[in-house]
Amino acid sequence: MRSSRVPQALTCGLVALLVAACTGEPEPPEPSGEASPSPLPTDFEGDPPPGLEGEVLRHLHGDEADAHDILDDPLGVRISPVGGAFLISSGGEDRHLLHDAATGDTLWEGEARFRGFDTDLEGESALSLVDPDDRPFVLDSRGRTLWEPAEPGDLYLDGAAVRRPDGWTAEDPYGDYTVLDTDGEELWTYAFEPEPEPGDEETDEADSDDTDVESGTDEDEDAEEEEPIDPLGVPVTAWDDTVLLDDGSSALHAYSIDPDEAGEVLWSVSSSDEDLELPASAPVNVPQVLGVYEVPDPDAEPTDAPSDEDEDTEEGEEEETEPTRDVLLVRWAQPEAPSLLSAHDVDDGDTLWTLREPGANPVAAPFEEARVPVGLYDTDTATLLLPQASGGATMVAVDLVTGRTRWGLEEAGAISPAFAHAGLVYGDSRSREDEDRQLVLDAETMDVVSDDLSAYVEAVTETGHAILVQDRQRFVYGPGPGEDTDDAEGDGEPEASDEPSEDDEG
């Protein structure tokens, strides 16, 4: 999250030491010429930044602002977008407020330790928090509790939950696993066992031969091959009705958690796959899951235009959206060599493209719990800004449809991208010659769209609502005409009513 750029308090002090003369009465001090601070502005001046086409909905500071007192925190606040809301976090304590971007209503507030941003099974935004009693919980973007652990030790996993073996460690990950839904209902239970040691296999074969001789088993029966055992592993991510397991041997395996097909293996991808073209002589590559992203589907067949017989089609109805598909993005890292990105269709695991990164990124330990830092994603252009640990660029902009590198940031710290919206990237420019300022870049070309903004853009939600900072004031700016605001206005919890229902009467 980003630190506040709005001064939260203006302090002015003046100490005057008046030394009286040895004789005579002291003269009264002259009136101070220091002017009182000007009132906070309530009107936005200038033009809106690129990508924002709405109007000012409200301001957040001052006596006339109908805003929560958390915004008056003397140590400032941090503001981040979550779906169609703003997460406002105190700079001085673990206190947070989820602020509806469209209406200004408080969706949730409380004291908790912020762990990070997360998603649900549909890829919608969520918040991962820990309450004062060290109990984790997850909220959706409307402030509703999405998940709480059914038992101590349960872990949230992208809209599902995982119960690992007692005493689990990355060095000893084996045992019984259970995948649960967010209500704590079991979806699938399995045992992840280590591969047998070579000596154990020989012992097993000898025992099997002795048994065959004693039982008089036919040679044809001895020649029968055993059915291969489906590879298992540790859950690392989930989406829709699928959970992805890492087997610790440089391979990922997708399994169904659909109640009707739970435990059915769907597909696998391994560093030995020919499509990845990883050198066989290289050390074992540890796959790092970077996320599941929705991208335009270039292979989708065009949809037929609606016919005149469709009487339900209203005049002015929006056109059908472009076909999309979800892709899994994986990084294969190896010591002292450029890492490799691969994109896979989440339905069948097919490799869609691979891309060699500029330099060597850190190799993760098997079953490492720390997530890989992933950059900004612009849905309009399917551009992912991916930080790099070393090499010829500090960050690369990758087209997730084609796997092509659009551009890269070569100079560390020259531009610090903050967020992406509507095909644009907003970033802070740091230069020795010029003062720090906010730039707006084209997400596809890196061309500067604007570097002289009327206001600093602090955050933009998925619904197109923005917070603009100007002259010590924060303004909430609404989305342009035609932009979808259902997430911001929609399916919140129904308000309680004091009137009895029909079921209560009589």
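What follows is a working chat about the predicted model shown above.

Q: How many helices and strands does the protein chain have?
A: In this predicted model, the protein chain has three helices and 32 strands.

Q: And what share of the residues is buried?
A: Of the 506 residues in the protein chain, 41% are buried. As for the surface, the chain exposes about 29,500 Å², and carbon and sulfur atoms supply 43% of that area.

Q: What about contacts between residues 24 or more positions apart?
A: Taking the contacts in the protein chain with a separation of 6 or more, residues 24 or more positions apart account for 49% of them.

Q: Let's go to the sheet with β18 in it; what is the strand order?
A: The order is β18-β19-β20-β21, in an open sheet of four strands with antiparallel pairing. The edges are taken by β18, residues 286–296, and β21, residues 351–356; each has a single partner strand, so one side of each is left without a neighbour in the sheet. If direction is ignored, neighbouring strands of this sheet are turned by 20° against each other on average.

Q: How many bridges join β20 to β21?
A: Strand β20, which covers residues 337–345, is joined to β21 by five bridges, and the two run antiparallel. Within β21, Thr351 is the residue that stands opposite His344.

Q: Where is Arg325, and is it buried or exposed?
A: Arg325 belongs to strand β19, which spans residues 324–334. Its relative accessibility is 15%, so Arg325 counts as buried, the cut-off for that class being under 20%.

Q: Which side chain has a polar contact with the side chain of Arg325?
A: That is Asp297, whose side chain is joined to the side chain of Arg325 by a polar contact of 3.4 Å.

Q: Which other residues is Arg325 in contact with?
A: With neighbours within four places in sequence left aside, Arg325 is in contact with Tyr293, Glu294, Val295, Asp297, Pro298, Asp299, Asp345 and Leu352.

Q: Tell me more about Asp297: where is it, and is it buried or exposed?
A: Asp297 sits in the loop between β18 and β19, and with a relative accessible area of 19% it is buried. Apart from neighbours within four places in sequence, Asp297 is in contact with Pro323, Thr324 and Arg325.

Q: What does the side chain of Asp297 have at 3.0 Å?
A: The backbone nitrogen of Asp299 lies 3.0 Å from a polar atom of the Asp297 side chain.

Q: Changing topic, how many residues are in the largest nonpolar core?
A: The largest nonpolar core has 18 residues, and the ones with the most contacts inside it are Tyr177, Trp188, Tyr190, Phe192, Leu232, Val243 and Leu245.

Q: Which strands supply at least two residues of that core?
A: At least two residues each come from β11 (160–163), β12 (175–180), β13 (186–192), β14 (234–239) and β15 (242–246). The largest share, three residues, is supplied by β13.

Q: What does Leu232 touch?
A: Not counting residues up to four places away in sequence, Leu232 touches Trp188, Tyr190, Ala191, Phe192, Leu245, Asp247, His253 and Tyr255.

Q: What is in the second core?
A: The second core is separate and has 17 residues, among them Val327, Leu329, Leu384 and Val398.

Q: Back to β12 and β13: how do they pair?
A: They pair in the antiparallel sense over six bridges, and Gly175 has Phe192 in β13 as its bridge partner. The two strands form a hairpin with five residues between them, and in the turn Gly184 has a positive phi of about 90°.

Q: What about the hairpin of β4 and β5?
A: Strand β4, residues 95–100, and strand β5, residues 106–111, pair in the antiparallel sense over five bridges, with Glu111 in β5 as the bridge partner of Arg95. This hairpin has five residues between the strands, and Gly104 takes a positive phi near 85°.

Q: Last one: where does Glu124 lie, and what is it in contact with?
A: Glu124 lies in the loop between β6 (113–119) and β7 (125–130), and its relative accessibility of 38% makes it partly exposed. Leaving aside neighbours within four places in sequence, Glu124 is in contact with Asp118, Thr119 and Glu462. The C-alpha atoms of Glu124 and Asp158 are separated by 9.5 Å, the two residues being 34 residues apart along the chain.

Definitions and conventions. Residues numbered from 1 in each chain as written. Predicted model: local features only at pLDDT ≥ 70, side-chain atom pairs only at ≥ 80, totals over all residues. Heavy atoms only, no water. Pairing = 2+ DSSP bridges. Axes fitted to C-alpha atoms, helices over the stretch in contact; angles between N-to-C directions. Buried < 20%, exposed > 50% of the residue type's maximum accessible area, 1.4 Å probe, protein only. Polar contact = N/O pair within 3.5 Å; in protein donor to acceptor, adjacent residues only side chain to side chain. Contact = heavy atoms within 4.5 Å. Core = buried A, V, L, I, M, F, W, Y, C linked by side-chain atoms within 4.5 Å. Areas by Shrake-Rupley, 256 points an atom, 1.4 Å probe, with all protein chains shown as cover.
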